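Please find below a short report on selected secondary-structure elements and how they pack.

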Amino acid sequence: MEKNNISRKDFLKVVGATAAVSAVALSGCKSDNYNKETTYSLGDIPKDKMTYRVNHNTNDRVSILGYGMMRLPFKDNVIDQEMVNKLVDYAMEHGVNYYDTSPVYCRGNSEVSTGIALSRYPREKYYLATKLSNFAPQFWSREASIKMYHDSFEKLQTNYFDYYLLHSVGNGSKGLSGWDTFQKRYIENGMIDFVQEERKAGRIRNLGFSFHGDQRVIEWLLDNHNKYHWDFVQIEMNYIDWEHAHDVDEDNVNADYLYKRLTDLNIPAVIMEPLLGGRLSKLPDVLANTLKQHAPQNSVASWAFRFVGTYPNVLTVLSGMTYMEHLQDNLRTYCPLQPCTEAELSMLMDIANLYLKYPIIPCTSCQYCMPCPYGIDIPTNFSFYNQCVNEGTIVEDSQSKDYRKARRRFLIEYNRQLEADRQVEHCIGCNQCVSHCPQHINIPEQLNRINDIVKKLQ
Amino acid sequence: MLRKLRITLAIICFTLITLLFLDFSGALHAYFGWMAKLQFVPAILASSFVILIAIVVITVLFGRIYCSVICPLGIYQDGIAHIAEKRKKNRYSFKRRKKYSYGIGLIFFLLIAFGFTGVAIFIEPYSIFGRFASNLFSPVYRLINNVLAYFAERWNSYAFYHVDVYIKSLPMFIIAIAYFLTITVLALVNGRWYCNNICPVGTVLGCLSKFSLFKPHFDEEKCVSCGLCEKNCRCSAIDSKKHEIDYSKCVACFNCISKCNKGAMKYGYHKYMKATESPDFISDKGKTTRKTFLSTIAVLATASTLKAQEKVVDGGLATIVKKKAPKRETPLKPAGSVSLDNFSSKCTGCQLCVQSCPNDVLRASSKLDTFMQPEMSYERSYCRPSCTTCSEVCPAGAITKVTPEQKTSIQIGHAVWIGQNCVPLRDGVTCGNCAKHCPSGAITMMHYDPDDESSPKIPIINEERCIGCGACEHVCPARPFSAIFVEGNLIHREV
């Protein structure tokens with residue numbers, strides 16, 4: 001974790017450099033639209049301005065904003081279907097036509113909920129994407145995998161999928177590398193041929209896969225493009241992962257490489273984690289301020305969406321929108337999309353460089369690690385820690401002036417966000433979570449790091 | 001004037017002592033912890049001679065000021081009686097002191113002298129009040145705090161934070177309610193009846209106050225024998241017909257002086273006071289029925305149900321089985337208790353430490369021989385080596401003062417391993433959380449089979465380094481019974 005340690009001296013450098021970035025950005029780009037006095041208003045979101053991209057395989061006209069059904073709103077521990085319907089209605093009304101789900105999302109309830117919300121519309125009005133999420137060894141048999149495939153039709157109330165993915169290829173499982181896991185999940189049981197047949201039969205209109213991790217798997221799949229004819233590939237892309245995915249974890253592949261590889265093969269790219277699970281909307285204060293200063297009326301998140309949208313081979317950008325405000329903000333960004341200028345792209349690269357200097361844990365709150373069998377709420381522990389890093393509220397120096405106040409704040413806030421049994425001290429380091437993490441975070445090690453901080457303050 | 005002064009002082013003392021029992025942040029104890037140490041019986045147990053001498057001197061000089069100004073139970077009864085007096089005025093009449101009160105007092109102090117404090121505390125006034133305050137007033141205080149914390153959280157303020165409100169010990173809670181109802185009803189009906197017929201502190205100070213220099217007394221020339229003083233004496237100490245006052249019962253509340261509209265009641269030096277009764281110690285065996293409760297003994301389950309399940313879908317939280325207290329042969333007492341015997345013979349069961357413990361480790365015992373006296377258990381947290389709150393608040397010397405440095409080398413108990421609960425053996429996962437959290441490095445993870453490098457690692461305990469803090473027991477993933485727990489030491493020792 002050495003690269004994530006940030007000393008005070010380094011930190012001052014970061015702040016200094018940030019100021020420099022913002023100065024450049026401001027002198028370079030700021031427009032003078034703000035001379036007129038006006039009653040400030042966000043204005044209505046236009047219903048007919050959505051940017052669309054065309055999938056050359058099937059001529060689908062896909063909205064650049066895709067709805068990720070992985071972070072649906074919950075109420076009293078079950079999906080808040082009423083709110084899901086409202087969100088889907090709003091999205092449909094504003095031109096969103098790509099909906100991405102999976103049998104494992106939202107404790108296994110996302111497909112049913114998505115089915116309920118979408119079946120209220122004519123089937124040809126939306127594109128439906130789901131996945132073969134046979135992660136657990138109990139699903140590795142051909143029969144179990146096919147059953148999972150068939151169940152998806154029933155849950156989504158449809159007889160064809162517009163987009164079907166081999167889910168998260170390259171990710172390892174307990175004791176197996178990404179390559180070996182891939183063999184178990186798709187090759188040895190013949191599922192990779194099964195889905196080809198299904199495409200031929202018309203029940204899958206576009207076949208693809210989503211990728212995290214072991215590079216050997218994506219290289220093999222793309223090398224065999226002639227045989228399998230991938231209609232699209234889903235990759236993780238954002239302005240951090242563009243050049244730095246490999247810096248964050250050496251098992252990750254940089255997004256600029258993957259994007260270029262797909263473009264060369266003329267395979268449309270579907271983008272996941274454009275916002276890194278919301279982390280790019282919650283930047284450290286200095287970085288967030290830089291972006292806001294550059295365009296005060298735009299959200300911090302909008303920069304992440306504009307960044308990925310700028311690349312033309314991107315078919316759609318998936319965002320797991322839990323709240324109406326997320327959806328509205330994204331619609332403002334994409335109705336229509338204003339691609340980033342060269343200057344803006346380079347500013348975002350600077351932001352990415354600075355961002356990496358913070359000891360932030362690269363968790364996207366995807367919940368793949370959950371539930372932890374020993375009851376720990378892993379994503380909330382990480383998001384609490386990241387929030388403290390972003391706000392600069394981690395107390396290390398017991399001699400500092402506001403130590404008592406800061407310590408009290410930290411501990412009260414920790415207890416507010418996490419009940420005692422879900423806190424880091426209960427992590428036993430069994431390592432069962434590690435293979436589930438698509439970001440390849442060494443979860444027990446990171447929890448341990450948080451534990452050390454908490455223990456020192458308690 | 002005197003009455004107003006008494007009321008003012010009493011309200012201040014009562015508020016501060018009550019707050020000691022309510023405050024869970026530890027902020028008040030630093031400033032007003034000494035209030036609890038002024039109490040008579042705790043001072044005896046703590047051998048605080050300065051305080052005892054001061055109380056005796058004050059009583060010999062001015063009467064039972066202690067009972068009317070310092071004793072929280074006395075002030076509580078005054079408050080309740082005051083409410084009753086609003087509904088029905090002039091309600092009291094003179095009654096002789098019951099002779100059995102001397103018997104009760106004698107038995108009480110004999111029990112204390114011979115170390116049977118655990119029995120004596122059933123009628124000890126300060127701890128009776130402590131048990132009300134901690135079991136009945138404190139939950140209310142905490143609930144109000146939680147309402148404030150709810151809003152504080154929404155307003156992003158850290159002024160208030162949520163605290164758990166729960167019954168720490170059910171028998172204790174029931175006892176507290178029973179006492180609360182009894183004392184309250186007695187005070188409503190009879191004023192300070194408890195103080196003059198049961199309370200051993202009242203009896204012993206009553207013996208002294210008979211001879212006090214300053215007392216209320218009749219000015220026979222002015223007195224018209226209207227009886228107002230008698231009818232308003234909560235102690236039933238005044239016989240207005242005979243112009244006599246039972247000074248063993250008078251708590252110097254000065255109500256009689258302010259009630260008398262002829263100015264016939266005076267407080268001052270009075271040489272020729274005649275006592276209504278000579279102090280005789282004929283004992284009518286006081287009936288202190290020992291209330292008995294069934295102690296619930298946790299049965300150690302052989303197999304636990306928590307087994308790591310294979311993950312199939314994403315998200316959600318695993319259900320957590322709540323931890324249960326193991327059966328400890330020797331109860332755990334906080335560092336500073338010196339030994340189980342010392343603790344049992346000094347503790348008044350006032351619950352001040354239970355209330356102050358920031359880690360929810362202390363709770364009242366439900367066992368017959370140590371009933372109401374606190375003991376430790378680690379289901380909710382463990383006894384952090386840096387925390388010495390209980391040793392700072394204990395007024396009775398049951399938990400003597402220790403510094404955090406001393407505490408880290410006091411062994412109050414030792415860890416014991418229960419192999420069949422241990423998850424590396426039971427679930428086949430790697431663990432080692434006990435070793436990771438042990439503050440004294442007493443636990444090492446070693447292979448179960450010394451000859452097999454691939455066998456699971458289990459905790460090996462070095463009892464000589466263990467201080468019994470319970471970190472291992474608390475963080476052990478086995479539920480409801482931990483695979484490692486702390487067994488108490490009869491005598492605490494340095495390691």
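This is a predicted model: local features need pLDDT of at least 70, side-chain atom pairs count only at pLDDT 80 or more; totals for chains, interfaces and linings use all residues.

Strand 1 (residues 52–55) and strand 2 (residues 60–63) of chain A run antiparallel and are joined by four bridges. In strand 1 of chain A, the covered face holds A:Arg53 and A:Asn55, while A:Tyr52 and A:Val54 are on the uncovered face.

**Barrel in chain A**

Strands 3-6-7-8-9-10-11-12 of chain A, eight in number, close in that order into a barrel with parallel pairing. On average, neighbouring strands of this sheet are turned by 25 degrees against each other, direction ignored. One of the pairings is that of strand 11 (residues 269–272) with strand 12 (residues 314–319) of chain A, which run parallel and are joined by three bridges. A:Ile271 stands opposite A:Val317 of strand 12 of chain A.

| Helix of chain A | Strands of chain A touched | Angle |
|---|---|---|
| Helix 11 (residues 255–264) | Strand 9, strand 10, strand 11, strand 12 | about 170 degrees with strand 10 |

**Helix pair in chain A**

Two packed helices are described by the angle between their axes and the distance between the axes. For helix 13 (residues 300–309) and helix 14 (residues 324–334) of chain A, the angle is about 45 degrees and the axes are 10 Å apart. Helix 13 and helix 14 of chain A are therefore oblique to each other, and their crossing is right-handed. On the side of helix 13 of chain A, the contact involves A:Ala301, A:Ser302, A:Phe305, A:Arg306, A:Val308 and A:Gly309; these meet A:Asp329, A:Asn330, A:Thr333 and A:Tyr334 of helix 14 of chain A. By type, the contact residues of this pair are four nonpolar, four polar and two charged.

**Helix 13 of chain B**

How many of the ten residues of helix 13 (residues 200–209) of chain B are buried? Eight are buried, so helix 13 of chain B is largely enclosed by the rest of the structure. The buried residues are B:Pro200, B:Val201, B:Gly202, B:Thr203, B:Leu205, B:Gly206, B:Cys207 and B:Ser209.

Key. Residues are numbered from 1 along each chain as its sequence is written. Chains are lettered from A and ligands numbered from 1 in the order in which they are written. Side-chain values use heavy atoms; hydrogens and water are left out. Buried means under 20% relative accessible area, exposed over 50%, partly exposed in between (1.4 Å probe, protein chains only). Helices (H or I, at least four residues) and strands (E, at least two) are DSSP runs, numbered from the N terminus. Two strands pair if DSSP finds at least two bridges between them. Axes are lines fitted to C-alpha atoms, for helices over the stretch in contact, and angles run from 0 to 180 degrees between N-to-C directions. Angles under 35 degrees count as roughly parallel, over 145 as roughly antiparallel, 65 to 115 as roughly perpendicular and the rest as oblique. A crossing is left-handed if the near helix is turned anticlockwise from the far one by less than a right angle, and right-handed if clockwise. Contact means heavy atoms within 4.5 Å. Ala, Val, Leu, Ile, Met, Phe, Trp, Tyr, Cys and Pro count as nonpolar, Asp, Glu, Lys and Arg as charged, and the others, Gly among them, as polar.
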